[in-house]
Amino acid sequence: MILQKLSILNYKNIKAAELSLSPGMNCFIGSNGAGKTNVIDAVYYLSFCRSALCAVDSQVMRHGEAFFMLEGSYQTDGGDPLSVYCGMKRGTKKHMKRDGKEYRRLSEHIGLVPLVSVSPADSLLIDGGSEERRRLMDIVISQYDRAYLDSLGRYNKALAQRNAMLRADAEPDTELIGILEEQMAVEGEAIFARREAFVSELEPVFREFYDDISAGHESVGLAYESHCRRGPLLDVIRRDRAKDRIMGYSLHGVHRDDLVFTLSGHPMKREGSQGQSKTFVIALKLAQFGFLRRTASQTTPLLLLDDVFDKLDATRVERIVGIVSGSGFGQIFMTDTNREHLDRILRLCSHDYKIFHVDDGEVKEEEHV
Ligand SMILES: Nc1ncnc2c1ncn2[C@@H]1O[C@H](COP(=O)(O)OP(=O)(O)OP(=O)(O)O)[C@@H](O)[C@H]1O
């Protein structure tokens with residue numbers, strides 16, 4: 001998938017931008033706070049119907065403005081044109097359209113424009129709670145498996161209802177809580193099977209990328225942990241109903257799943273240096289990219305690299321650039337604050353590229369000399 005043109009109106013600090021993009025590398029350069037991340041967040045928005053950074057849509061609207069609008073003109077891998085539009089007026093709901101036709105449900109759009117993003121916020125994958133790692137699995141799997149997203153929705157609904165019953169003053173109705181547990185078990189087992197298949201396919205590819213970037217200096221591990229491994233999920237959930245009632249929430253289920261990251265057999269979070277943690281996250285995201293390309297109807301995802309090279313030594317930067325400019329990767333969006341650094345990266349890169357200067361929300365394409 002190639003994003004050929006991007007139009008932005010009133011998105012965060014970008015008042016108006018009309019960008020004609022390279023099918024290869026698109027570099028956004030500017031000082032801190034200039035709006036580089038905001039531009040690539042607009043690209044992210046058009047894939048996921050939401051910002052990667054703001055949970056609330058009204059927050060992406062430029063301060064003092066009454067609406068925002070994003071429009072992307074894509075070329076699919078098959079060569080067909082595709083247009084995606086999102087617009088929202090303050091105080092109303094947003095409208096997402098594909099080729100001029102409004103979606104009834106936003107979930108219908110997820111996966112159409114597959115995208116993998118690497119950003120400084122990804123350090124939370126290592127340092128943050130298990131919800132960050134579950135989100136990584138959910139974001140990838142839901143881009144190629146709509147049934148997964150539906151299962152997740154039904155599971156979360158049953159979980160929220162069960163938690164409400166556990167917290168209520170009145171003793172839970174045994175029949176009703178039993179039905180909710182059955183729903184959680186059915187959907188939970190389906191979610192588990194898909195997460196397990198995903199991780200077992202991702203893990204060897206991830207290790208290969210890590211070895212490649214670190215020149216085989218370190219050995220890393222990635223494992224999937226789930227209560228489903230303790231036996232039939234229904235038994236596992238039901239067994240501790242009395243304890244759950246005391247705690248006021250469900251202690252067991254796939255909402256507690258996690259990914260365990262290790263460096264030489266020790267927890268990455270405790271042992272990894274900043275550069276090693278960054279390498280880990282990048283290898284994970286590159287593996288995710290390959291996985292999506294194979295599964296998301298053979299479409300090459302877009303790759304967003306927001307400020308990724310900070311804290312990495314020159315050899316690792318060189319190896320990463322070598323990987324992403326090789327075959328199998330497609331269009332890339334990258335941000336950097338340092339021109340010399342960017343020029344060094346571009347010298348390594350065999351892709352066609354464009355440079356855009358971002359200054360206080362204004363985006364200008366650099367003329368090629
Ligand atoms: N809704 C909004 N309206 C107007 N400006 C906003 C809004 N949301 C964020 N901003 C502004 O966007 C700027 C941050 O932009 P962005 O994160 O894209 O910077 P950046 O160029 O990536 O910087 P860095 O190099 O520091 O990562 C801040 O100045 C912030 O005030």
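Six strands make up an open sheet with mixed pairing, in the order β8-β12-β13-β3-β14-β15. Strands here are DSSP runs of E of at least two residues; helices are runs of H or I of at least four, and both are numbered from the N terminus. Two strands pair if DSSP finds at least two bridges between them. The edge strands are β8 (115-118) and β15 (362-365), and each pairs on one side only. From one strand to the next, the twist averages 20°.

This is a predicted model: local features need pLDDT of at least 70, side-chain atom pairs count only at pLDDT 80 or more, and totals for chains, interfaces and linings use all residues. Residues are numbered from 1 along each chain as its sequence is written.

Look at one end of the sheet. Strands β14 and β15 run antiparallel, joined by four bridges. D359 stands opposite E362 in β15. Helix α1 packs on this sheet, touching β3 (25-29), β8, β12 (302-306), β13 (332-336), β14 and β15. The direction of α1 makes about 150° with that of β12. Such angles run from 0 to 180 degrees between N-to-C directions, and axes are lines fitted to C-alpha atoms, for helices over the stretch in contact.

Now pick one residue. K354 is found in strand β14 (residues 353-359). Is K354 buried, exposed or partly exposed? K354 is partly exposed, because 17 other C-beta atoms lie within 10 Å. The cut-offs are 20 or more for buried and 12 or fewer for exposed, with partly exposed in between; C-beta atoms are placed from the backbone. K354 touches L21, S22, N26 and E365, leaving aside residues up to four places away in sequence. Contact means that the two C-beta atoms lie within 7 Å. K354 and S22 are 332 residues apart in sequence, yet 5.8 Å apart in space, C-alpha to C-alpha.

Next comes the ligand. 18 residues surround the ligand, and the closest are N13, N32, K36, T37 and N38. A residue is near a molecule if its C-beta atom lies within 6 Å of it. Helix α1 (residues 36-48) gives the most to this shell, with three residues. By class, the shell has three nonpolar, eleven polar and four charged residues. Ala, Val, Leu, Ile, Met, Phe, Trp, Tyr, Cys and Pro count as nonpolar, Asp, Glu, Lys and Arg as charged, and the others, Gly among them, as polar.

Two other helices also pack together. Helix α5 (residues 174-214) meets helix α10 (residues 314-324) at an angle of about 130°, with their axes 8 Å apart. That makes α5 oblique to α10. Under 35 degrees is roughly parallel, over 145 roughly antiparallel, 65 to 115 roughly perpendicular, and the rest oblique. F209, D212, I213 and S214 of α5 make the contact with R316, R319, I320 and I323 of α10.

Turn to an open sheet of three strands. The order is β9-β10-β11, with antiparallel pairing. β9 (220-225) and β11 (266-267) stand at the edges, each with a single partner strand, so one side of each is left without a neighbour in the sheet. Six bridges join β9 to β10 (residues 258-263). L222 stands opposite F261 in β10.

Finally, follow two hairpins. Nine bridges join β4 (residues 67-75) to β5 (residues 81-89), which run antiparallel. Five residues lie between these strands, and G79 takes a positive phi near 95°. β5 then pairs with β6 (residues 95-98) in the antiparallel sense, over four bridges. In this hairpin, which has five residues between the strands, G91 takes a positive phi near 85°.
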